[in-house]
Amino acid sequence: MKKAYWAGAVIIIAFLALGLSTFTKSMTPYVTFDEAREAQRTVQVMGGLEKGTSRYDTSTKTLHFNLIDEKTRAVMPVAYRDIKPANFEEAVSIVAIGKYHGKEFVAEKLLVKCPSKYQGEEVEKKYGGPQKL
Amino acid sequence: MNPQQIGFAPGTLAIWFSLVAGIATCLAYYRALRLAPASAPERRAAEYGDQIRFARSLYLAFAGGIFVASALLLRVLLSHDFRISYVASYSGLDLPLNYLFSTFWAGQEGSFLLWLFFGGLIGFAVIQTAREQEPQVMIIYVLSFLGIVAILAKQPPFRFLAEVPPDGQGLNPLLQDPWMVIHPPVMFAGFASLSVPFAFAIGALWSKRWDGWVVRAMPWALFSMVTLGTAILMGGYWAYKTLGWGGYWAWDPVENTSLVPWLATVALVHGMFLQKNREKHRKINLILAILAFCCILYGTFLTRSGVLADFSVHSFVDLGITGWLVAIIGVFFFGGLGLLAYRWREIPKEPVIDPETGKEKEEPFLSRSVLFILSVTLFCASGIVILLGTSAPILTRMFGKASQVATSFYNVTHTPVAAIMVLLISLVPFITWRGEAPGSLLKKSVFSLLIGLCGFGLAFAAGVRKPMDLLIIGLSAVGLAASAEAIVLYVRRRAIRSMGGYLSHAGTSIMIAGILISGVYEEKAQVTLPKGQPIQVGTSTMTFTRTVFVNEDGEVKQFNQLNPALLPDRRAKQAMEVEVKSGTGKVWKAYPKMYQNERTQQLMANPDVRSTPLMDLYLSPQSYDPGSPARQEGTVLKLEKGIAKTVDGVTFKFIDFSADKSQVESATPRVTVTARLLVSAGAGPAELEARFVTLIGASGPGGTQADDVAIPGTEGRFRIRKTAASEGVIEIEVLGLNPGSDLKPATPESFSVDVTRKPLISLVWTGFYIMMAGGILALFRRMQDANRASLA
């Protein structure tokens, strides 16, 4: 029985070691546009879609658009070589995960936040909801 | 509380009533506990019975309050009572009946109410099955829901708006799917059911009933495993069929927070089985039952407090209940583990004593007990790692920048988990509780090993080369064969009801192989299909034939064939008809959908999935280009005041402008802007004026008029396209300077689509069904056990 506990402990330790090393490796911190340009690793940036900048290049199958920082008004060109996410144009904010490469941020993954998420708040703003306690 | 916050009074009152009745139920059961027959003489048995009946009727009031609140919420949703904020936020006049039901759980408050609804329902079954443990179990069970009742009492879904909108915001179009009508109720039934093992575990610690609680709680743990598992798979299947990103699992926080409690429940089921057979390892199960429940609460906190709002596509926004959720988690986590620590030394260990030597007997390494302990360890390790990954944003925020882990984190860590899991599944049928010598193990498992070798060979022949993938596929085959052998034995012995475990193991083996093969060996291609032109994609040929409408009954129609009087037609969606001719000559039509949601103006896309046992062909729409005829299009220049720009040898400089607003009140109200530009072509600089008229109240192409202005000394001309006069910027289009480059050729109507071939993804679903069938079989078996057991 003791051997079993040892075997269990070995599995757990090996697994946690694998988990922790993968954890630090696959970490993608949130950074500002400037930091993203300097970063060597995969990072994520967030911003709004700058109106009228999105275009899909059918020859290279890449979606290009500009992210705009709502506060600083800084702009970051982004390229995404995958399916254009549903509701992309209506996004309230976009999170791009990837690396800065050459002149643009090459996104591996996009998270698109849609206005529908904020429906409740919108309705209450428009028609006067009760005070939140 | 102001009247608006209370809103629709009957609903809010029902919730408050339930809160009070819940507290009363706990107090009544507590009183019954003190009259329990075990600790009282014979004459008090009748008194105990009366008290239990009284407590039960209070429970009926508690659950009744929740049912009434639920019925009222459903009623105001069905009757489109837009006075109520919740109805106006999530419902709309355009929804058919089945999706009106979905609006019930489209928001936070409603989904909490759904959770409570199942909690209330399940409680009646708990009363029936808890028997001698009823008072303690019911106190903890009701307490586990009171926190949520309190949240709803504070934030009832019946709050009024100040004004009544004419229509609601409508239901999120992604949720308008049949799967989304049933997935959330099953999920919340699973969530609610996890309160039961928790209540039994705390009850056991309370009354020191170390083995009895497992007998009664085991069917419940299996029930949670089956419901949560089914709900998770339904969610994945919905994502696969509807969202179009091509997979069924994205390791999103919302998915993870339902997966971790499920893993804890699976671990609990294994731990309980071990305890029932060996009458030891009691602490493991107490810990697991407490943690599984806390995981659900923690997941609720992660996804509903808004802490992950920047990291998940799913997460709800902050409802202002973060503090409450933290408090609830704190109470149950520290309360539960604190009680466990308090009792820790009282929990009997009961070591197996060797009769010959009189010393504690070592269990052999290759024994079933060890396999079970390893499996519990494995589930826990997997759960901890997923929890760690999901909590990364919170953990990293403590030390600096909030960060998220990439999905590769989960995939990398779970490859060894899958390998060890199928290894354990392969071993368990051949190893008895007494232990097994390595030689006899080899002899017993020779048939399964041969099958495994076949699986290995098949995978190798199909082109799998990565050693880890080959290992997992080979071991899955061994696991399947070993479990099948065991199942055959049970069938021969006419003991079908006892074979649930092996059935689940067979399903798991199939599923793991399916997950690996369909995930790693999928082929993906992005193609653009010009209308009417066959394009070779892999082994098949695809032709984009036309755009059509597909109604809710699945009928394909042209726009003018739709009958607007019929609801399915009214909700018809635009789709692209693609004729697919497979390599074997089979021809069929695929209808990937691409349409604009009228209410939100969002562009929606649903894939078309053609499933066969060996392969799924997955067509995910990307973009549709209606095409355009050949046309003249000039060069567009954006001119800032005073800054010169040159195109084809002509320099433009925007000097200033004047706006004539005298016609604003006329019959055709308009504003005329006249801009002065300095234009220098070969003939030297000339000052030119260009007029731009904006018709007020008109939009579209006819809303503005611009004069063409000839550029002296050239064939060219220019006109104003846009003015942003206040910013000192105008936009002009220059034409005719270079006729060749102005001519834009015609582009054909085309449809871009992602084509993915997913080999053997059917194994994922099949494996899962078998796994759940095993779970249900085991559930019935353990229910019989519990019914037969008469415990003190």
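**Exercise 1. Domains of chain B**

Task: In this predicted model, find how far apart the C-alpha centres of domain 1 and domain 3 of chain B lie.

Solution. 
- Start with the bounds. Domain 1 of chain B covers 1-171, and domain 3 covers 526-628 + 750-758. The division of chain B also includes domain 2 (177-351) and domain 4 (632-740).
- Then take the C-alpha centres: those of domain 1 and domain 3 of chain B lie 45 Å apart.

**Exercise 2. Helices α2 and α7 of chain B**

Task: Describe how α2(B) and α7(B) are arranged, and state which residue classes make up their contact.

Solution. 
- Helix α2 of chain B spans residues 9-34 and helix α7 of chain B spans residues 134-154. Their axes come within 9 Å and cross at roughly 160°.
- Angles over 145 degrees count as roughly antiparallel, and α2(B) and α7(B) are therefore roughly antiparallel to each other.
- As for handedness, α2(B) and α7(B) cross in a left-handed way.
- On the α2(B) side, the contact residues include Trp16(B), Gly22(B), Cys26(B) and Tyr30(B). On the α7(B) side, they include Pro135(B), Met138(B), Val142(B) and Leu146(B).
- Sorted by class, this contact of α2(B) with α7(B) holds 18 nonpolar residues, 4 polar and no charged ones.

**Exercise 3. Helices α19 and α20 of chain B**

Task: Carry out the analysis for α19(B) and α20(B), from axis angle to contact classes.

Solution. 
- The helices are α19 (residues 467-492) and α20 (residues 500-520) of chain B, with axes that come within 8 Å and cross at roughly 160°.
- From the cut-off of 145 degrees, α19(B) and α20(B) are therefore roughly antiparallel to each other.
- The crossing in which α19(B) passes α20(B) is left-handed.
- α19(B) contributes, among others, Asp469(B), Ile472(B), Gly479(B) and Ile487(B) to the contact. From α20(B) come residues including Tyr502(B), His505(B), Ala513(B) and Val520(B).
- The class count for the contact of α19(B) with α20(B) is 14 nonpolar, 5 polar and 1 charged.

**Exercise 4. The sheet containing β10 and β11**

Task: Give the strand order of the open sheet that contains β10 of chain B, and name its edge strands.

Solution. 
- The sheet has 4 strands in the order β2-β23-β11-β10 (chain B), with antiparallel pairing.
- Its edge strands, each pairing on one side only, are β2 (523-530) and β10 (608-611) of chain B.
- On average, neighbouring strands of this sheet are turned by 20° against each other, direction ignored.
- β10(B) pairs with strand β11 (residues 615-625) of chain B over 4 bridges in the antiparallel sense. Within that pairing, Ser611(B) has Asp616(B) in β11(B) as its bridge partner.

**Exercise 5. The sheet containing β19 and β20**

Task: Trace the open sheet that contains β19 of chain B, and locate a bridge between β19(B) and β20(B).

Solution. 
- The order of the 4 strands is β13-β21-β20-β19 (chain B), and the pairing is antiparallel.
- β13 (635-640) and β19 (709-710) of chain B are the edge strands.
- β19(B) is joined by 2 bridges to the antiparallel strand β20 (residues 717-724) of chain B. Ala710(B) has Arg717(B) as its bridge partner in β20(B).

How values were computed:
Residues are numbered from 1 along each chain as its sequence is written. Chains are lettered from A and ligands numbered from 1 in the order in which they are written. This is a predicted model: local features need pLDDT of at least 70, side-chain atom pairs count only at pLDDT 80 or more; totals for chains, interfaces and linings use all residues. Axes are lines fitted to C-alpha atoms, for helices over the stretch in contact, and angles run from 0 to 180 degrees between N-to-C directions. Angles under 35 degrees count as roughly parallel, over 145 as roughly antiparallel, 65 to 115 as roughly perpendicular and the rest as oblique. A crossing is left-handed if the near helix is turned anticlockwise from the far one by less than a right angle, and right-handed if clockwise. Two residues are in contact if their C-beta atoms, placed from the backbone, lie within 7 Å. Ala, Val, Leu, Ile, Met, Phe, Trp, Tyr, Cys and Pro count as nonpolar, Asp, Glu, Lys and Arg as charged, and the others, Gly among them, as polar. Two strands pair if DSSP finds at least two bridges between them. Domain bounds come from an automatic or database domain assignment.
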